[in-house]
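Visitor: I am new to this structure. Could you show it to me and take my questions one at a time?

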Amino acid sequence: ELVGVTGTNGKTVTVKMIAEMMEAEGLPCFGNFSGGNVRDGAATAFIMNSDIKGSPQKKNGIIECDELWCGLLFDYMNPSVIVITNVMRDQLDRHKSPEHVKEILTGFVKKTNSKICLNAEDELLSEMSKELSGREIYLYSEKDGTITANGKTFDITLNIPGDYNRKNAAAAVAALCAKGIIPEKRLEILKMSNKAGIWNRVFFI
């Protein structure tokens, strides 16, 4: 069973947070944790998770995907949950505009049966949620260390700095809610040690 994560920023961190909490739940995960989020990176994650006969070793996958590759990769993988972190101005030679990316993502999501986790603080994703009537949507947000996901609130403290890392944690909590896992039991796992690299993004020196 797969969780797909896409959006402009925060994908790699969110993927790792989801995986850590799921593994604490006793659900070992595979994924493209190094951030290779187009065709080759996603394919490599599946290959590395296969035994010599091609059978999967771990049954749960957390796959990060570039926004413009979602239509191809997620359509093939059919994730049960899709998390969209945000839609921002980025790589305009490819993305043209945030509005263009939002239209692409909306069109793709409408074709899926996945549960959808959307950042309620992102204006374009808030608009998207209104266009997905009848779908199972998990809106999430974060303010001053309090996460709201699917109408429930959770208090969280992270050792990794930055407002956006708290937003990423909120996305991860929403994904667990969508999978029917009780997040309260696993929030402590997000308190990472300061002695090691944090999520491959922040290092204390």
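Visitor: Which residue just after H1 takes a positive phi?
Guide: This is a predicted model, where local features need pLDDT of at least 70, side-chain atom pairs count only at pLDDT 80 or more, and totals for chains, interfaces and linings use all residues. Residues are numbered from 1 along each chain as its sequence is written, and side-chain values use heavy atoms, leaving out hydrogens and water. The phi angle in question is about 85 degrees. The residue that takes it, just after H1, is Gly-26.

Visitor: How many helices and strands are in the chain?
Guide: Both kinds of element are DSSP runs, numbered from the N terminus. A helix is H or I with at least four residues, and a strand is E with at least two. The chain has seven helices and eight strands.

Visitor: What distance does H1 reach from its first C-alpha to its last?
Guide: Helix H1 covers residues 11–24, which is 14 residues. The expected span is 1.5 Å times one less than the number of residues. For H1 the expected value is 20 Å, and the helix comes close to it. Its reach is 20 Å.

Visitor: Is H1 largely enclosed or largely open?
Guide: Buried means under 20% relative accessible area, exposed means over 50%, and partly exposed lies in between, with a 1.4 Å probe and protein chains only. Among the buried residues of H1 are Val-13, Val-15, Ile-18 and Met-22. Eleven of the 14 residues are buried, so H1 is largely enclosed by the rest of the structure.

Visitor: Which helix do the buried residues of H1 pack against?
Guide: Contact means heavy atoms within 4.5 Å. The buried residues of H1 pack against strands E1 (2–6), E2 (29–31), E3 (60–64) and E4 (81–84). The helix they pack against is H7 (163–178).

Visitor: Which glycine has its C-alpha 9.6 Å from that of Ala-169?
Guide: Ala-169 sits in helix H7. It counts as buried, at 0% relative accessibility. Beyond residues up to four places away in sequence, Ala-169 touches Met-17, Ile-147, Ile-156, Leu-158 and Leu-190. The glycine, 159 residues apart from Ala-169 along the chain, is Gly-10.

Visitor: How many aromatic pairs does the count come to?
Guide: Rings of Phe, Tyr and Trp (its six-membered ring) pair if their centres lie within 6.5 Å. Planes under 30 degrees apart count as stacked, over 60 as edge-to-face, and the rest as tilted. The count comes to one.

Visitor: What kind of pair do Phe-74 and Phe-108 form?
Guide: Their centres are 6.2 Å apart, with 40 degrees between the planes. Phe-74 lies in helix H3 (residues 70–77) and Phe-108 in helix H5 (residues 98–109), so the pair links parts of the chain 34 residues apart. Phe-74 is buried at 2%, and Phe-108 is buried at 8%. The pair is tilted.

Visitor: How many disulfides does a search of the whole structure find?
Guide: A disulfide is a pair of cysteine sulfur atoms within 2.5 Å. Cys-29 is buried at 2% relative accessibility, and Cys-65 is buried at 0%. The number of disulfides found is zero.

Visitor: Where is Thr-6 placed?
Guide: Thr-6 counts as buried, at 1% relative accessibility. Leaving aside neighbours within four places in sequence, its contacts include Lys-11, Cys-70, Phe-74 and Leu-105. Thr-6 is placed in strand E1.

Visitor: Which element gives the most to the lining of the largest cavity?
Guide: On a 1 Å grid over the protein atoms alone, a cavity is a set of points where a 1.4 Å probe fits but cannot get out, and lining residues have an atom within 4 Å of a point. Grid points are joined across faces, edges and corners, and the volume is the space filled by probe spheres set on the points. The count is one cavity of 30 Å³ or more, and the largest cavity holds about 40 Å³. With four lining residues, the element that gives the most is H7.

Technical notes: 1 Å grid on protein atoms, 1.4 Å probe; cavity = no way out; pocket = protein on both sides within 12 Å on 5 of 7 lines; lining within 4 Å.
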